[in-house]
Amino acid sequence: MTTTYFISNVAPYGNERVDMTLSGGKIAQIVPAGTGTAPEGATTIDASELIALPGLVDLHTHLREPGREDAETVLTGTRAAAMGGFTAVHAMANTSPVQDTAGVVEQVWRLGKEAGWVDVHPVGAVSVGLAGKQLAELGAMADSRAQVRVFSDDGKCVDDPVLMRRALEYVKAFDGVVSQHAQEPRLTENAQMNEGVVSAEIGLTGWPAVAEESIIARDVLLAEHVGSRVHICHLSTAGSVEIVRWAKQRGINVTAEATPHHLILTDELARGYNPVFKVNPPLRTQNDVDAVRAGLEDGTIDIVATDHAPHTVEDKDCEWNAAAFGMTGLETALPVVHKTMVETGRLSWVRVAEVLSTNPARIGRIDTGEFAQGRPLEVGEPANVVLYNPNSPVVVDPRSQLTMSDNTPFAGMELPGRVVATFLRGRATVLGTVPQDGEEGKAAGSELPA
């Protein structure tokens, strides 16, 4: 029997406060604050300082399993996701073995079901072994129990235009989308950071913006020609924003994502040669950060996706050139968006829900059916809910995070708020900032920290 929760005096989307009841996996009641009554036996939560948002959905998560369980597992990564307010994640395909067959995506899907922290939707590889030579079993993955709808060779670019065209044509049959890691490999050979003033001054091989922009320009034109959907991973340059804006004005079916780190960090951080700031695509200039923020504000960029990329100490705590690309991000995404987009007046909390929940669920085609995600906070909708305290600053401490890896670029940074509860179809996965083990979160208490 599912626990019933009575959440009193909460502000959905930061608006007027209400009393909300979660029961039977659904939002059972929403009434003006102070007029609701807790059902018999319900767990009561005083949310007088909290806002409520739909459970967050990440379209771009690296869970590393199978193959790199020393960096992350489906269990640890999804627990970290729940702590960050997520109720669904899309697990990227660059595992070992690669998620390029129905068997492997079903394995990841089953691991997610067994873990139980969030819904795990495997992303299928576009090409066999991510080699960019032969299409993977796209149809078989789509028809599998995992029902894959997002395909990506992320970590590598589908740089062959013929293969990219074929993939776009193939996924049309089941309303799938190709999610492109935009990186022209011939322009980024041995590249280590953004090409610009900083790279020239500190002597690291530069990564030109045009390497990203040229692939995006090609792929939006291919999508237009084929009449298919294309999604742009981790857009990072001002030029990329302009290309996507032009494509949307032209009516091309393109969507795009920005990462939290590309909303706030710049290539100036590379001056210390700390590999925690080494990421793909690289941190860009302040002008690029400003353009990405503007693109998210005006809807050119549809979503924020974490690109959560955990690594072992051995892969990150070394000299810059030898270090792996990537940063963790599941547990800090919402506070970073709060800091960069809400505090600056660029996004309302309603829009935050769109870019972190509604839109990624729609792009991934998980917004309908029995296990729908990204649904509004309305009576009768699935009780996928996150409670967030926007007035509880936290200094990021890698040692306190639940991800197995500590390669967060935000270590020591003060972020303005924190997630204090997450509900997956009415079941508490996080309560009082504590992950809840067991079917009903048996350790759950009724009080949340202010």
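This is a predicted model: local features need pLDDT of at least 70, side-chain atom pairs count only at pLDDT 80 or more; totals for chains, interfaces and linings use all residues.
**Strand 10 and its sheet**

I started with strand 10, where V177 and S179 point one way, V178 and Q180 point the other way, and all are buried. For "buried" I use under 20% relative accessible area, with exposed over 50% and partly exposed in between (1.4 Å probe, protein chains only). Helices (H or I, at least four residues) and strands (E, at least two) are DSSP runs, numbered from the N terminus.

Residues are numbered from 1 along each chain as its sequence is written, and side-chain values use heavy atoms, with hydrogens and water left out.

Next I looked up the sheet: it is open, has 5 strands in the order 9-10-13-14-15, and the pairing is parallel. Two strands pair if DSSP finds at least two bridges between them. Strand 9 (150-151) and strand 15 (303-304) stand at the edges with a single partner strand each, so one side of each has no neighbour in the sheet. Helix 4 (residues 161-171) packs on this sheet and touches strand 9, strand 10 (177-180) and strand 13 (230-232). The direction of helix 4 makes about 145° with that of strand 10; axes are lines fitted to C-alpha atoms, for helices over the stretch in contact, and angles run from 0 to 180 degrees between N-to-C directions. "Contact" means heavy atoms within 4.5 Å.

I then checked both ends of the sheet. Strand 9 and strand 10 pair over 2 bridges, and V150 has V177 as its bridge partner. Strand 14 (residues 254-258) and strand 15 also pair over 2 bridges, with E257 bridged to I303.

**Cores**

Which residues touch the most other members of the largest nonpolar core? I got I7, L22, L334, V352, L387 and F423, out of 96 residues. Helix 6 (residues 209-226) gives the most to this core, with 6 residues. A nonpolar core here is a set of buried Ala, Val, Leu, Ile, Met, Phe, Trp, Tyr and Cys residues joined through side-chain atoms within 4.5 Å.

**Rings**

I searched the whole structure and found 5 aromatic pairs. Rings of Phe, Tyr and Trp (its six-membered ring) pair if their centres lie within 6.5 Å; planes under 30 degrees apart count as stacked, over 60 as edge-to-face and the rest as tilted. W207 and F325 have ring centres 5.7 Å apart and planes at 75°, so I logged the pair as edge-to-face. W207 lies in strand 12 (residues 206-207) and F325 in the loop between helix 9 (313-316) and helix 10 (333-342), so the pair ties together parts 118 residues apart in sequence. W207 is buried at 2% relative accessible area, whereas F325 is partly exposed at 28%.

Elsewhere, ring pairs link F151, Y170 and F174 into a cluster.

**Helix 1**

Is helix 1 (residues 74-83) largely enclosed or open? It is largely enclosed by the rest of the structure, because 8 of its 10 residues are buried. What covers those buried residues includes strand 7 (86-91), helix 2 (102-115) and strand 8 (119-122). G85 follows helix 1, with a positive phi near 95°.

Most residues other than glycine have a negative phi, and most peptide bonds are trans. I listed the exceptions I came across. E65 and P66 are joined by a cis peptide bond, omega about 10°, and P66 sits in the loop between strand 6 (56-61) and helix 1. S96 to P97 is cis too, with omega near 5°.

Y13 is not a glycine, yet its phi is positive at about 55°. H234, also not a glycine, has a positive phi of about 25° and is buried at 2% relative accessibility.
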